[in-house]
Structures are given as C-alpha cells and as structure tokens.
Amino acid sequence: MNEQAQEPLETLYEGPWLRMRRRGRWEYVERTHGDGMAVIVIAVTPDDKVLFVEQYRIPLGARTIEMPAGLVGDDHATDTLEAAARRELIEETGWSAQRVDVLLVGPTSAGMSNERIAFVRARELSKVGSGGGVDNEDITVHEVPRAQAPAWLMQKQREGYELDLKLWAGLWMIEHNPDGSAAD
C-alpha cells in the first residue's frame, strides 16, 4: 500500500457537485454523488451521422465539441449507467435510443479526480425532440456524416474549439468493441 494512502484525509472544500481533498501532499477533486460516474454516449443516427454536442465550458473558457455526456446520479441515487445515457442523449440531442450497451468504464484523469466514465453505445435511434440541454445548458447539436467526422473535428479545432480527446475513442467504438472485435 502507498504510504500516502495511510495519511489522514482532509476535505478542503465541498460544494453541491465537487469536493476538494488532500491526503498528504496529494490534492484532488471528487464528484459528490453517483460514485464519481459519468457517461459518454456514442450515437449514430439512422442516416449514418455521428451526434456531437457543442457547449461553452467555463473551466476552459472556450466552446467545446464533445459526444453527449452527463453525470450518473444527478437526478437520483438509484440512477444506472444505462438510464443516465438514455436521459442525457435525449436532453442534449433530442434523439432516443432503443438499445444502449455499456462498453467500457475507466478513470478520466486518475491523478486529479475520482471521476470515471462509461463509454455507452446507443443503438436504434429515433428523433424525439430538439435537444439543446436542460437548465440553460445552451447546447448546439451537430449531426456529422460518419465518414467526414474526423476532418470536421479537426476543422472545429482550427476554428478555436476545444476537442474532448475521448472523441477519437468514441469514433473507434462505433465500429469496434473495446477488445478490438467488430461491433455487432
């Protein structure tokens, strides 16, 4: 066991969504609910367009391009990965999924946060609304032809957008399972 893991744990700050901690000299943040879990939804429309969302992110001071995503447990403690993925997909993009498959779960920034994210593949989509988020999220939905998605993303970066690096893993997982086998 690491020596720092035996040192006392201090709470430096706690808000409704995040808690800042210190153990020894190591400072980090924790999500305060949902066991630190979030979902990222890999979704392709019936006409082979990848769903991306654009929104302003205060910590970066810039607009970002991401796949639909959200926290698990922000509505209620019994939230599941699948339920969170379905909810976030509808809220952010206006598309509903008949089927969602959890592909992989892992940390997003293991040295800074307890947050873990689940890659979820959404299938059999149908349009049910306009999306755009809730509670003043101000989300713009982009439906980009799959074959053009990487070039489109790089163009957005040249335009000054921040790109979530998980986008490339998500694009790969449209056609592949995490073990490299073909997606069904």
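**Exercise 1. Find the strands against which the buried residues of H1 pack.**

Solution. Start with the model. This is a predicted model: local features need pLDDT of at least 70, side-chain atom pairs count only at pLDDT 80 or more, and totals for chains, interfaces and linings use all residues. Residues are numbered from 1 along each chain as its sequence is written, and side-chain values use heavy atoms, with hydrogens and water left out.

Step 1. Locate the helix. H1 covers residues 81-93. Helices (H or I, at least four residues) and strands (E, at least two) are DSSP runs, numbered from the N terminus.

Step 2. List its buried residues. They are Leu81, Ala84, Ala85, Arg87, Glu88, Leu89, Glu92 and Thr93. Buried means under 20% relative accessible area (exposed is over 50%, partly exposed in between; 1.4 Å probe, protein chains only).

Step 3. Look for their partners. These residues pack against S4 (37-43), S5, S7 (69-71), S8 (95-107), S9 (116-127) and S10. Contact means heavy atoms within 4.5 Å.

Step 4. Look just past the helix. There, glycine 94 takes a positive phi of about 80 degrees.

**Exercise 2. Work out the order of the strands in the open sheet.**

Solution. Step 1. Read the order. Four strands run S10-S5-S6-S11, with mixed pairing. Two strands pair if DSSP finds at least two bridges between them.

Step 1. S10 (140-145) and S11 (162-163) each pair on one side only.

Step 2. Inspect one pairing. S5 (residues 49-57) and S10 are antiparallel over six bridges. Valine 53 has valine 141 in S10 as its bridge partner.

**Exercise 3. Identify the side chains that make polar contacts with the side chain of glutamate 30.**

Solution. Step 1. Glutamate 30 sits in strand S3 (residues 26-31). Its relative accessibility is 12%, so glutamate 30 counts as buried.

Step 1. Find the partners. Arginine 19 is at 2.7 Å. Arginine 21 is at 3.1 Å. A polar contact is a pair of N or O atoms within 3.5 Å; within protein, one must be able to donate a hydrogen and the other to accept it, and residues adjacent in sequence count only if both atoms are side-chain atoms.

**Exercise 4. Classify the one aromatic pair in the structure.**

Solution. Step 1. Take the rings of phenylalanine 52 and tryptophan 152. Their centres are 5.4 Å apart and their planes at 15 degrees, so the pair is stacked. Rings of Phe, Tyr and Trp (its six-membered ring) pair if their centres lie within 6.5 Å; planes under 30 degrees apart count as stacked, over 60 as edge-to-face and the rest as tilted.

Step 1. Phenylalanine 52 lies in S5 and tryptophan 152 in helix H2 (residues 149-158), so the pair ties together parts 100 residues apart in sequence.

Technical notes: Axes are lines fitted to C-alpha atoms, for helices over the stretch in contact, and angles run from 0 to 180 degrees between N-to-C directions.
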